Amino acid sequence: MNPDNLPAIEHSSHRLLDVADFYRLAEVPPEIEWFANLENVCTRRAYKNALHHFMQFTGIARPEEFRQITRAHIIAFRDELRNRDLSGATIRHSLAALSSLFEYLCEQNAVTHNPVKGVKRPSVESYEGKSPALGDHQARALLDAPDGASLKGKRDRAIFAILLYHALRRDELCKLKVKDIKQERRGVLHMRVSGKGGKVRYLPIHPQVGGLLHDYLEAAGHREEYTGPLFRSLSNNRHKNAQKAITPDAVYKIVQAYSAKLGFRIGAHSLRATAATNALDHQADIAKVQEWLGHANISTTRIYDHRKTRPEDSPTFKVSY
């Protein structure tokens with residue numbers, strides 16, 4: 001490298017890092033660097049759990065000990081997970097976390113190869129039916145379940161409406177800011193959704209959702225706080241400076257609580273499945289539904305397409321002599 005191409009070096013007194021911090025950061029093991037570079041909160045949590053279990057199994061005590069791992073260690077770990085009767089998806093996720101780490105170590109020349117490669121993983125399971133879609137009458141009952149006179153009821157109605165009319169993931173709903181529901185595009189009010197992998201999509205807001213959001217924000221009093229969270233934890237909302245966004249876990253519990261009272265206990269993902277199934281049943285284009293859901297692969301969207309299983313659509317009734 002030509003020294004003349006380097007930027008001018010300022011006097012050391014102007015540096016923002018002191019000498020100790022400079023050398024400390026230069027010595028950060030790539031294993032720690034890899035984890036720090038995971039931006040998605042859900043991914044960080046899942047990978048942290050997977051690595052914790054792997055470190056317990058192998059007895060790893062220091063980050064650099066990952067560089068001594070062989071394929072035999074990975075296979076033994078996979079078999080241990082199988083012996084614990086964990087689902088195929090859980091085992092795949094654990095191996096994916098390890099593979100991601102070793103791919104990074106390969107890039108950093110810390111290891112010569114990825115020991116996870118070539119290790120047979122459980123087959124991909126079909127998730128059809130695992131998050132059952134609600135019937136139309138059940139969806140309407142859930143929308144009407146919260147008390148429309150209270151702030152909590154108005155908030156919960158707006159949450160159910162967004163999940164049922166826009167098919168958001170829990171994490172996507174919790175990340176919504178007030179400004180995200182005020183995005184006008186071609187004269188139509190849209191919702192800005194931050195999806196997986198940092199991908200952003202814009203969804204036109206359903207009129208019923210717009211009305212419920214208006215009622216909620218009027219009652220909550222934060223409709224002008226554009227950069228603040230849209231849906232907030234009421235228990236942590238006593239003081240203006242302590243307003244916190246609702247958590248994905250809280251959304252899950254809200255859906256379970258209301259649905260249990262109605263006689264069908266479901267998780268929040270069932271509302272996403274309901275919206276997708278309903279849209280496809282009413283002849284929405286599957287490619288548009290894929291984009292609407294934020295799916296990277298249309299095969300995932302097809303899980304919600306039950307039209308092929310309807311008796312009236314069978315080739316049996318297309319035969320004519």
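A search of the whole structure finds eight aromatic pairs; rings of Phe, Tyr and Trp (its six-membered ring) pair if their centres lie within 6.5 Å. This is a predicted model, in which local features need pLDDT of at least 70 and side-chain atom pairs count only at pLDDT 80 or more, while totals for chains, interfaces and linings use all residues. Residues are numbered from 1 along each chain as its sequence is written, and side-chain values use heavy atoms, with hydrogens and water left out.

**Overall make-up**

- The chain has 13 helices and three strands. Both are DSSP runs, numbered from the N terminus: helices are H or I with at least four residues, strands are E with at least two.
- Of the 321 residues of the chain, 34% count as buried. Buried means under 20% relative accessible area, exposed means over 50%, and partly exposed lies in between (1.4 Å probe, protein chains only).
- The accessible surface of the chain comes to about 19600 Å². Carbon and sulfur atoms hold 51% of that surface. Accessible areas come from the Shrake-Rupley method with a 1.4 Å probe; for residues, only the protein chains shown count as cover.
- Among contacts in the chain with a separation of 6 or more, 55% join residues 24 or more positions apart. Contact means heavy atoms within 4.5 Å.

**Aromatic pairs**

- A pair of aromatic rings is described by the distance of the centres and the angle of the planes. Planes under 30 degrees apart count as stacked, over 60 as edge-to-face and the rest as tilted.
- W34 and F35 have ring centres 6.2 Å apart and planes at 50°, so this pair is tilted. W34 is buried, at 5% relative accessible area.
- F57 and F77 also form a tilted pair, with ring centres 5.7 Å apart and planes at 50°. F57 lies in helix 3 (residues 41–58) and F77 in helix 4 (residues 71–83), so the pair ties together parts that are 20 residues apart in sequence.
- F57 is partly exposed, with a relative accessible area of 35%. F77 is buried, at 1% relative accessibility.
- One aromatic cluster is formed by F54, F57, F66, F77 and F102.

**Helix 3 and helix 5**

- Two packed helices are described by the angle between their axes and the distance between the axes. Axes are lines fitted to C-alpha atoms, for helices over the stretch in contact, and angles run from 0 to 180 degrees between N-to-C directions.
- Helix 3 and helix 5 (residues 88–107) have axes that come within 9 Å and cross at roughly 90°. Helix 3 is therefore roughly perpendicular to helix 5. Angles under 35 degrees count as roughly parallel, over 145 as roughly antiparallel, 65 to 115 as roughly perpendicular and the rest as oblique.
- From helix 3, Y47, A50, L51 and F54 meet S94, A96, A97, L98, S100 and L101 of helix 5.
- By class, this contact of helix 3 with helix 5 has eight nonpolar, two polar and no charged residues. Ala, Val, Leu, Ile, Met, Phe, Trp, Tyr, Cys and Pro count as nonpolar, Asp, Glu, Lys and Arg as charged, and the others, Gly among them, as polar.

**Helix 6 and helix 7**

- Helix 6 (residues 136–144) packs with helix 7 (residues 151–166) at an angle of about 150°, with their axes 8 Å apart. Helix 6 is therefore roughly antiparallel to helix 7.
- A139, L142, L143 and D144 of helix 6 make the contact with R157, F160, A161, L164 and Y165 of helix 7.
- By class, the contact of helix 6 with helix 7 has seven nonpolar, no polar and two charged residues.

- T43 sits in helix 3. T43 is partly exposed, at 28% relative accessibility.
- T43 and K196 are 153 residues apart along the chain, and their C-alpha atoms are separated by 9.9 Å.
- E65 lies in the loop between helix 3 and helix 4. E65 is buried, with a relative accessible area of 18%.
- Leaving aside neighbours within four places in sequence, E65 is in contact with G59 and I60.

**Positive phi outside glycine**

- D85 has a positive phi near 60° and is not a glycine. D85 lies in the loop between helix 4 and helix 5. At 69% relative accessibility, D85 is exposed.
- R186, likewise not a glycine, has a positive phi of about 55°. R186 lies in the loop between strand 1 (183–185) and strand 2 (188–194). R186 is exposed, with a relative accessible area of 88%.
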